Each structure stands twice: as C-alpha cells, then as structure tokens.
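Morning, everyone. Please look at the model on the screen. I'll keep this short.

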Amino acid sequence: MAHVPFDLAAEGLALLVIDTKAKHSLDDGQYGARRAACERAAQILGVELLADISAEELPDALERLAASATGQGAADAEELVKRTRHVVTEIDRTRKLVELLQDGRPLRGEKLAAAGELMDASHESLRVDYECTCPELDVAVEAARAAGAHGARMTGGGFGGSAIALVDGDAVHDVAAAVAESYKREGFNPPAFLDAVPAAPAGRLV
C-alpha cells in the first residue's frame, strides 16, 4: 500500500461528494451474492482471486466463463461474466489512475480528461456489470457530468449512499445546484453535498 499525493487545491480542482439520501441496507444479501459470484468465477478460472487475472487475460477468461453455461445455465454464466469483467477492469482503471497521478505532470488538459474518463468508466461498470448503483446515484452522476464535472462515479458500497464528482474549484456550487435541480425533477429527496479534501490516513496521537 502506498500514499498517492493528490493535491486538488493546487490543481484548482475540488472533489464534490454527493450524498444521495437514498435508503439502502448493507445486510440484504446483495453484497454476499456478488462475493459468491466472484468466488464461483475464480474457481472456474482456476485462480485464487479475480485480481489474479490481468486485463490482457480478461477476454479469454470471459470466454471460458460464458462457455460454463452448459452446466449452470446461461443466466448464471452471464452474471459471472459481468462480475468478473467489472472486477478486472476496475483494478486496471485504478492502476491507470495511480500512474496518472504519479507521473509528475499537472492534472490538466489531456491528463485531467483521462482521469475523468476513468471515473466515468468506473461508474458505468458499477452500473452495468456489478449492478450496484441506484436511480439516485445514476442521476447524481449524470447531472454532475452535464454540469461540467470532469468525471463522476458512485463511491462506497453502492445501492444508495454517495457519489463523487471531480470539478473545477470554482464550479462546486454550480454542479451541486444542477444535481439538486435534477433530483427535484425526478421527485427524489434533496441531496446533501460536501467538498472533500484528500488527506493522510488516520493515525494514533502519542
């Protein structure tokens, strides 16, 4: 584990946290079902963890999972394909973002666009392949992007909770207002907002 510097203020950026206020439960079996699917996929592929599969190996792995439909049904095989695709591509996206942040160049221009695209792709994967978003999260992400966010995605365990949006420092209010207006149109409860500041992890005071 390594600490990756991410000084948003120095880059003129902000990380807007959007609390969807959507009710969700962490003990309704959804997390367990996804973990079980990942474990089944890993067993079929002969690896301890799906993290052991590289992005280059993913196409072959997905073909093998799709072929497993003969013994367990097409719907179950498709679930394993989707869960595996999310896990492997999400790890790859995380590595790419770390590389971007560590390359020493300012987070601007094409580099900023690339970071935003990784965030957007992450949310799409969580929505389509891991299936752990909800209407409130999707609306928050879509509204933030439409209002000028460089990238946005759900964060945390999903099924409710919060989304984050990477925005220009002087655009926080406008993006938040756009999300709130979208919620009003959809008839959702009003969201809450927090301007997050990346910092070092918690430690013990001696």
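Is arginine 40 buried, partly exposed or exposed? Arginine 40 counts as partly exposed, at 31% relative accessibility. Buried means under 20% relative accessible area, exposed over 50%, partly exposed in between, with a 1.4 Å probe and protein chains only.

Some ground rules. This is a predicted model, where local features need pLDDT of at least 70, side-chain atom pairs count only at pLDDT 80 or more, and totals for chains, interfaces and linings use all residues. Residues are numbered from 1 along each chain as its sequence is written, and side-chain values use heavy atoms, without hydrogens or water.

Back to arginine 40. It forms a salt bridge with glutamate 79, with the closest N and O atoms 3.6 Å apart. A salt bridge here is a side-chain nitrogen of Lys or Arg within 4 Å of a carboxyl oxygen of Asp or Glu. Arginine 40 sits in helix α1 and glutamate 79 in helix α4, so the pair ties together parts 39 residues apart in sequence. Helices are DSSP runs of H or I, at least four residues, numbered from the N terminus. Glutamate 79 is partly exposed too, at 22% relative accessible area.

Arg40, Asp76, Glu79, Lys82, Arg83 and Glu131 are linked in a network of salt bridges. The whole structure holds 16 salt bridges.

One more pair. Aspartate 129 bridges to arginine 85, the closest N and O atoms being 2.7 Å apart. Aspartate 129 lies in the loop between α5 and α6, and arginine 85 in helix α4, so parts 44 residues apart in sequence are tied together. Aspartate 129 is buried, at 7%. Arginine 85 is partly exposed, at 28%.

Conventions. Helices (H or I, at least four residues) and strands (E, at least two) are DSSP runs, numbered from the N terminus.
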